[in-house]
Amino acid sequence: MKHLLALAFALISLCGMTNAATISAPCSPAGFGEPQLFNRGWRFILSDDSAAIQPGYDDSKWQRVQLPHDWGVTRPMSPQGGSCQGYLPGGIGWYRRHLTNTEVARLFNRSEEGWRMYIYFEGIYNRSQVYLNGHLLGYRPSGFASFMYDLTPYLEAGKDNVLAVRVDHSRENDSRWYTGSGIYRPVWLITAPSTHFAQWGTTWKVKSLKKDKAVVEVSVQTVSEGTTPPPTTKPTVIIDILDAKGKTVATKSCQLTTWKNGKCTTSLTIKTPCCWALSDPYLYKIRARLMNGTSATDISESPLGLRTLAFSPDKGFALNGQWMKVKGVCIHDDAGVLGTAVPMEVWKVRLQNLKRIGANAIRMSHNPHAPGLYDLCDSLGLLVMDEASDEWEFPKRKWLEGWNKGTPGYEGTYDYFEEWIDRDVADMVRRDRNHPCIFLWSIGNEVDYPNDPYSHPVLDGNGSDFTQPMYGGYKAEQPNAERIGIIAQRLSKIVRALDDSRAVTGALAGVVMSNATAYPEAVDVVGYNYTESRYDEDHKRYPQRIIYGSENRHDLAAWKAVRDNEHIFGQFLWTGIDYLGESGPWPARGSEAGLLDLAGQIKPNGHYRASLWAEHPVCYIGTYPAAQPNSRNYRGRVNREWISPYATALWNYEEGQHVRVVCYTNAPTARLLLNGEAIGGAPQRDEATDILYWDIEYAAGTLRCEALYPDSPISKKAAIAPVKVGATAEITTCGRPYALKATIDRETLKKQDVAIITVEVVDEEGRLVALADNEITCYAGGGLRLLGMENGDMRDLRDMNGNRCRVKGGRLVAYVTARHLNTGRVQQSTNPTVLFSSPLLKPCNVDVNIIGD
């Protein structure tokens, strides 16, 4: 796929959902066996004691925790911490788990059949060591890799079998953003016969995809572990494809070469196939059965999606044959008060809000994320750029006193790069390659920062071509940038050996320097970080290069560089969601660069982005004080006021005060009404932002904006006069805070469910008081447990373990679950209620129905 003029990829893939009518257990995250969530009953201590590996060690006084668990976000922020980590601590912690007789019996009741038991970790940050009954099972330094160990050799029937996990995040400032600390993703126990499907060993490809039929190639691998001999029958796999209703649409058997380390490949035909598309992400299901005679000894089952990908240096990117613009955002792993232990219910709301804005792609910055997040992207219809790492063989600068402030630190993950990067990249691809949402594999982010650490003689130029910090000219003592190209070739080769159906990319920070290396030629698609200025020049200089924006600012000019250039297929904004870490000077929890805040709520600039990206009618109005005529700003110039994409939806000012009203819309024009009467006349349009605005005098009441559209499709450049109101927005003067109002996203909680409750401060008429900052107290009773309260305020230094939180903009969210902290079981109660109160305000409560376990 080197020097490609056009890449055409066809892909059929899995997602991690199950059809209850077909199987009784959830899909195995390892791709084989019978999985069981293993999040309950863990104990934790934030200290280091090597004796904790011994089964008889006394852990009775350790803290009881339920996984996923991020200890970092539960600790106090400190100005002595690093701003890169949001001033939160790391450290060394231990987890222990006593396996119950029932859990172990799942294995020993089948011991004569040669069954085995594995433990599967979706992610531990970081440098983890896992022990069973004092025996080291393995070490995995990466905090983002998923991995598995075989417990069978060290399990003992009738005894206290104890797992111990040491997590070493003592290099607490080893990342440029907040990573969390601990076993922050789910854990699974998997039981399987000694001969079973290989871990992540089943794959699918589309051989052809047409309207009348699709031909799907399925490959499987098996392994045989332990001393139990494999079956004596002929090794066979039966593969079925089921549609979304559970009906079998294709089936075929496949003969393995052998039971042990067996392989087979076969093709199945689906008639009148449904494609996986962003607007309709149709998911089939693949079911592979490993047969011993007429009995299935192992089953691997997951949904799948059919679609095609194409890349061209001149036309950009096409999904299912339709050329399109990728409207992407970058995201990190955390969710504010929850740290990196984020329930999928929270991620689902966040992704849905991003789609409402118009986003159609997610960049997993800058590491493989939680598997459940890819499942959501599969089902919601979001493209994904999966990314391997942020740091290669040398450390990057880690800011400790505020982003780009003071003297940086140089802790990192570089020390295990050479030993582990090949496996980490391979495991990313093997784990995630069956997700239809993934369309790009990124081997690294900004590893080519000029002089951070690599250098090259090209840096002795005048610097005008560089859009990132150069930290001086060429430095011969720094690592030679030619190394970047060599490593990129190596990692790209690993990716292609495992998946040749997608393009390999990298996110380049120092494009000019990298152009002097083999890096751009090593990948199929070249990402430019904040380098829109070179789109046209490099398209002419390297006509076979496929270029896109892999990390971009939020300004209109950056989007126009994509929208108005056919050969640039998309951009990824930094960022989609506010995140912890990469903070400013103390006190600051993190970065406010997102379209959503830490609570997952759409910010004003998110509504502005919708006016640029969304394909449905958009109308939002915000306000802020306008400059008085001929007033001067702080530089002494006439103050024409910046036209802000960050304006709050607020209508509370002094009578007669000059107010600027801005409208974020994709309509050609709009009209403004105050208390039903037209006001302000025709809006002005700011060319730098494409924002409509009026300057008017304030009067209490209701301000309404009507976005006016032509009958033709949405276009700000429409040649005909607007004839209809396509979207509206209203803001009303509110009174003083009077009461609390709570809205829950679900009325029933079961199993692992987490409910999201939005709490608002309202006036006597029930209107949101956007200026309110009241402190809210939450009490979860009757079997419910509060996980945390989040207001989105980056300067909130409260105890995140508490049940008090101030609203910001009149709102906050609370996360509750029915899981008991000690047992992890659903707590049954006759009166499960969440109560919210605040001094001098009328309280409110939410009733919840708890069912099942």
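## A first look around this model

Let's start with strand S46, residues 811–817: six of its seven residues are buried, so this strand is mostly covered. Keep in mind that this is a predicted model.

**Strand S46 and its partners**

- Strand S42 (residues 754–762) runs antiparallel to S46, and seven bridges join the two. Within that pairing, Val816 in S46 sits opposite Ala755.
- S46 also pairs with strand S44 (residues 785–790), again in the antiparallel sense, this time over five bridges. Here Val813 in S46 is the bridge partner of Glu790.
- Thr817 is another residue of strand S46. Is Thr817 buried or exposed? Its relative accessibility is 4%, and buried means under 20%, so Thr817 counts as buried.
- The side chain of Thr817 reaches the backbone oxygen of Asp753, at 3.1 Å.
- Setting aside residues up to four places away in sequence, Thr817 touches Leu749, Asp753, Val754, Gly783, Leu784, Arg785 and Leu787.

**The antiparallel sheet**

- Six strands make up an open, antiparallel sheet, and they line up as S4-S3-S5-S10-S7-S8. Strand S4 (63–65) and strand S8 (135–140) are the edges; each has a single partner strand, so one side of each has no neighbour in the sheet.
- From one strand to the next, the twist averages 25°.
- Strand S7 (residues 128–132) pairs with S8 over five bridges, in the antiparallel sense.

- Which residues of H1 are buried? They are Glu103, Val104 and Leu107. These residues cover an arc of only 90° around the axis, which puts them on the same side of H1.
- The buried residues of H1 pack against several strands: strand S2 (34–37), S5, strand S6 (115–121), S10 and strand S11 (187–193).

**The parallel sheet**

- Eight strands form another open sheet, with parallel pairing, in the order S28-S27-S26-S25-S24-S23-S22-S29. At its edges are strand S28 (547–551) and strand S29 (570–573), each pairing on one side only.
- The twist from one strand to the next averages 30°.
- Strand S26 (residues 503–508) and strand S27 (residues 525–529) run parallel and are joined by four bridges. Gly506 has Val526 in S27 as its bridge partner.
- Helix H10 (residues 604–613) packs on this sheet, touching strand S22 (326–331) and S29. The direction of H10 makes about 175° with that of S29.

**Nonpolar cores**

- The largest nonpolar core has 111 residues, and the members that touch the most others are Phe311, Phe317, Ile362, Trp392, Phe439 and Phe569.
- Another core, of 33 residues, lies apart from the largest one; among its members are Tyr118, Val220, Cys254 and Leu268.

Notes: Residues numbered from 1 in each chain as written. Predicted model: local features only at pLDDT ≥ 70, side-chain atom pairs only at ≥ 80, totals over all residues. Heavy atoms only, no water. Pairing = 2+ DSSP bridges. Axes fitted to C-alpha atoms, helices over the stretch in contact; angles between N-to-C directions. Buried < 20%, exposed > 50% of the residue type's maximum accessible area, 1.4 Å probe, protein only. Arc of directions from axis to C-beta. Contact = heavy atoms within 4.5 Å. Core = buried A, V, L, I, M, F, W, Y, C linked by side-chain atoms within 4.5 Å. Polar contact = N/O pair within 3.5 Å; in protein donor to acceptor, adjacent residues only side chain to side chain.
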